[in-house]
Every structure is written in C-alpha cells, then in structure tokens.
Amino acid sequence: MENYLNTIKKNSLFSGIEEKEIKTMLGCLEARIETYSNNQFVFRFGENISTVGLVLCGSVYLAKDDFMGNRTIISESGEGQIFGETYACIPSESLGISVIAAEATKILFLDVHRIMNICSSACVFHTRLIRNLLSVLAENNLMLTRKMLHMSQRTTREKLLSYLSAESQKNGSAIFKIPFNRQQLADYLAVDRSAMSNELCKLRDEGILSFQKNFFKLN
C-alpha cells in the first residue's frame with residue numbers, strides 16, 4: 001500500500017486529507033489490493049457490488065455488451081481514477097455494465113458502506129471523505145453528460161470531431177493522447193470501426209488533423 005500512496009492521495013476522493021490520515025483511513029475502510037491481467041473482468045454485468053475501485057496502475061474500461069455481443073465502451077478509468085461508486089452506493093441495483101482491465105492493472109478496493117457511515121473511531125477527516133465522494137459522483141455525472149454530447153452528433157465524422165475537440169480542450173493542447181485504441185474508440189462512440197477509420201483518414205487528408213496510434217494533433 002505504501003508504494004501507491006502518491007497515486008491514492010491524488011484522487012479527488014482524498015482531496016484535503018493528509019497522507020498520515022489516509023493511511024489510517026485505509027485500514028478503517030478495509031482497503032485491499034487486487035491484480036488483474038489484460039481483458040480480465042473486474043466486475044461483471046448483473047453483479048451487486050459494495051466496493052469502489054481505485055486504479056493504482058494500468059486502466060479499466062466500463063462497457064456494455066448487447067445480446068449479439070457488440071460492445072459499447074461507456075468510459076475509461078486510468079491510474080488514480082475510481083470506478084463503481086454509483087452502483088456501490090445503491091446496493092439493491094445490479095450492475096448494468098461490466099468493468100474490464102484494459103491492460104495489466106492493480107486496483108485498490110474500498111468498502112463504500114464504511115465511507116458513508118461514520119466509523120466508531122470517529123476519524124477526523126471522515127466527513128470530508130463523504131463530501132469528496134459526493135463531488136466524485138457529480139463529476140462522473142458531468143462526464144456522462146459530455147459523452148452524450150458526442151453521441152448526439154448525427155454522423156461518425158461529427159462524433160469524432162466532437163470527441164477529439166473535447167480531448168484537446170481538456171489537455172489544453174492541440175497535441176494530445178487519447179486513452180483508447182481504435183476498436184475501443186469505435187466502441188466508445190458507438191460507431192463502426194471501419195467507417196470510423198475511413199473518416200479519420202479523410203480528416204487527415206483534408207488537413208484537419210494528424211495522428212499516430214492514439215496520439216492526435218488538431219490543425
């Protein structure tokens with residue numbers, strides 16, 4: 001756990017909480033670390049969960065598979081980010097998505113019920129932790145709203161430009177790296193991969209953007 005304290009304290013869930021307090025709270029929250037390999041399920045569709053996951057290294061993506069096996073990526077969580085908090089806060093609601101490791105990944109799990117209820121030892125910063133969790137829930141709601149903005153575009157080209165423009169703004173640079181490979185990006189935008197690749201090539205040929213794997217530059 002000590003090796004990952006820098007990653008843990010950078011997460012907004014622990015905003016305003018000192019490192020020594022975090023160490024105490026991890027014990028209070030029954031924190032545990034699990035390791036996953038590429039494409040291994042962390043949570044499966046239909047499960048009920050009571051823990052929040054914090055990515056210590058690697059990354060995971062939240063995805064939904066339809067009856068025919070077609071996958072839509074809802075979002076991606078990289079190092080220092082959390083996932084599963086919404087469903088963990090509603091224990092009666094089974095998962096409507098699956099969480100899958102996108103690469104070799106280590107995850108810190110925290111019992112959400114211990115976050116929501118003041119512990120018997122009355123940690124000084126426990127109330128702050130609860131407020132932080134509410135902020136995280138609000139941030140994730142905003143993230144999904146932004147995704148809906150991309151998804152509401154009519155064509156594959158418009159969806160790509162909406163997403164890439166937003167990523168450029170988020171990174172504060174015309175040159176940026178996205179967290180998806182081509183298939184994952186197509187799944188995220190709910191478009192056909194071949195059609196998306198054709199549109200990317202057209203945009204490149206028109207001088208609107210350039211790219212190398214998952215690095216992009218908007219011209």
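β10 and β11 form a hairpin with two residues between them, and Lys213 in that turn has a positive phi of about 55°. The model is predicted, so to speak of local features requires pLDDT of at least 70, side-chain atom pairs count only at pLDDT 80 or more, and totals for chains, interfaces and linings use all residues. Residues are numbered from 1 along each chain as its sequence is written, and side-chain values use heavy atoms, leaving out hydrogens and water.

Strands here are DSSP runs of E with at least two residues, numbered from the N terminus; two of them pair if DSSP finds at least two bridges between them. β10 (residues 209–212) pairs with β11 in the antiparallel sense over four bridges, with Phe211 opposite Phe216. β11 is also antiparallel to β9 (residues 175–177), over three bridges, and there Phe176 stands opposite Phe216.

Buried means under 20% relative accessible area, exposed over 50%, and partly exposed in between (1.4 Å probe, protein chains only). Phe216 is buried at 2%, whereas Phe211 is partly exposed at 21%.

Now the rings. Those of Phe, Tyr and Trp (its six-membered ring) pair if their centres lie within 6.5 Å; planes under 30 degrees apart count as stacked, over 60 as edge-to-face and the rest as tilted. That rule gives eight aromatic pairs. Phe211 and Phe216 have ring centres 5.7 Å apart and planes at 35°, so this pair is tilted.
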